[in-house]
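Let's take a walk through this protein together. Have the sequence and the model side by side, and we'll stop at a few places along the way.

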Amino acid sequence: MSHSSLKTLLITGAGKRLGKLLAEHYLQAGYRVVAHFNSVNELPEHPNLIALQANLSDSAAVARLCDELVQYGPYSGVIHNASCFVADGVAAQNNTDFQDHFQQHFSVHVYAPMIITEALNNHWAEPAWMTVISDIYSDIPNERFAVYCASKAALQNWALSMAQRLSPQVRTNIIQPGPIQFLPEHSEAYREMVLSQSLIKQELGYGAIVDACDYLATSKAGVWQCDAGRWWALCC
């Protein structure tokens with residue numbers, strides 16, 4: 001099948017973990033996937049995969065990425081998944097300048113998605129969809145991760161604006177993950193503590209986000225919590 005006959009999907013942060021699983025899922029579903037990655041790309045080669053590297057905290061790199069992206073349109077879908085997460089205390093311990101700490105999070109979570117989406121303004125298929133991966137911390141922030149939470153809240157607010165601006169051609173939805181999948185470095189005590197703060201007490205796995213993206217590609221749901229009930233457990 002030629003590339004011209006395939007639907008094209010952009011996924012940012014697709015080199016590892018959730019983004020990698022999303023890319024593999026949509027390749028299997030028959031999409032041509034344009035997979036952005038920062039520094040690590042664990043995706044195996046595939047005839048319908050286009051891998052593009054860019055550091056989203058670097059505005060010049062974002063501009064170069066946009067120049068490349070428009071060559072592969074029109075886009076039937078976009079998943080803004082790229083993320084960075086550095087606790088404020090860790091940044092301070094590493095003697096990271098606060099302005100740099102702030103700028104990194106807001107560049108990756110806000111500036112880059114805005115610039116990329118603007119670049120695709122005339123490169124959407126019809127119809128199309130855009131899913132933005134936010135965080136439950138957008139609504140229920142944690143003081144230990146104030147910069148991360150603020151940047152994810154800004155991302156979510158921007159996405160809500162795009163839902164208005166891009167409609168009806170592009171359906172825009174937001175997913176708020178919670179404790180989806182632990183990393184190897186997470187201790188058993190930490191895992192038990194996090195799960196104790198959710199309603200169903202289970203680690204959902206990245207597959208829950210994949211399922212949500214599939215559903216939202218053909219639906220209009222607004223903001224969708226995918227967090228094992230942690231949002232409700234913490235708010236109620």
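Met 114 counts as partly exposed because its relative accessibility is 38%; here buried means under 20% relative accessible area, exposed means over 50%, and partly exposed is what lies in between, with a 1.4 Å probe and protein chains only. You'll find Met 114 in helix H4, residues 98–119. (Helices are DSSP runs of H or I with at least four residues, strands are runs of E with at least two, and both are numbered from the N terminus.) Together with Tyr 111 and Ile 115, Met 114 makes up a nonpolar patch on the surface, and the three have about 240 Å² of accessible area together. Accessible areas come from the Shrake-Rupley method with a 1.4 Å probe, and for residues only the protein chains shown count as cover. As for patches, they are built from residues with over 30% relative accessible area and no salt bridge, joining like charges within 9 Å and nonpolar side chains (Val, Leu, Ile, Met, Phe, Trp, Tyr) within 5 Å.

A word on what you're looking at: this is a predicted model, where local features need pLDDT of at least 70 and side-chain atom pairs count only at pLDDT 80 or more, while totals for chains, interfaces and linings use all residues. Residues are numbered from 1 along each chain as its sequence is written, and side-chain values use heavy atoms, with hydrogens and water left out.

Ser 107 is buried, with a relative accessible area of 5%. Setting aside neighbours within four places in sequence, Ser 107 is in contact (heavy atoms within 4.5 Å) with Leu 56, Ser 57, Ala 112 and Pro 113.

Leu 56 also turns up in the largest nonpolar core, which has 30 residues; Leu 56 is among those with the most contacts inside it, as are Leu 10, Leu 69, Tyr 75, Leu 120, Trp 124 and Met 130. Such a core is a set of buried Ala, Val, Leu, Ile, Met, Phe, Trp, Tyr and Cys residues joined through side-chain atoms within 4.5 Å. The elements giving two or more residues to this core are strand S3 (49–53), helix H2 (59–69), S4, H4, S5, H5 and strand S6 (170–177). A second, separate core has 26 residues, including Val 33, Val 210, Ala 217 and Cys 226. What does Leu 10 touch, leaving aside its neighbours within four places in sequence? Its contacts are Val 34, Leu 69, Tyr 75, Gly 77, Val 78, Ile 79, Ile 116 and Leu 120.

Now for the rings. The structure holds seven aromatic pairs: rings of Phe, Tyr and Trp (its six-membered ring) pair if their centres lie within 6.5 Å, and planes under 30 degrees apart count as stacked, over 60 as edge-to-face and the rest as tilted. Phe 85 and Phe 145 form one that is tilted, at 5.0 Å centre to centre with 55 degrees between the planes. Phe 85 sits in the loop between strand S4 (75–80) and helix H3 (88–93), and Phe 145 in the loop between strand S5 (124–133) and helix H5 (146–166), so this pair ties together parts that are 60 residues apart in sequence. Phe 85 is partly exposed at 45% relative accessible area, whereas Phe 145 is buried at 9%. Ring pairs link Phe 85, Tyr 137, Phe 145 and Tyr 148 into a cluster.

Next comes helix H7 (residues 207–216), whose buried residues are Ala 208, Ile 209, Val 210, Ala 212, Cys 213 and Leu 216. These buried residues pack against H1, S4, S5, S6 and strand S7 (223–226).

The structure holds one salt bridge, meaning a side-chain nitrogen of Lys or Arg within 4 Å of a carboxyl oxygen of Asp or Glu. The side chains of Glu 24 and Lys 20 meet in it, at 2.9 Å from N to O. They are four residues apart in helix H1 (residues 17–28), so about one helical turn separates them.

Finally, step back. The protein has eight helices and seven strands, and 49% of its 236 residues count as buried.
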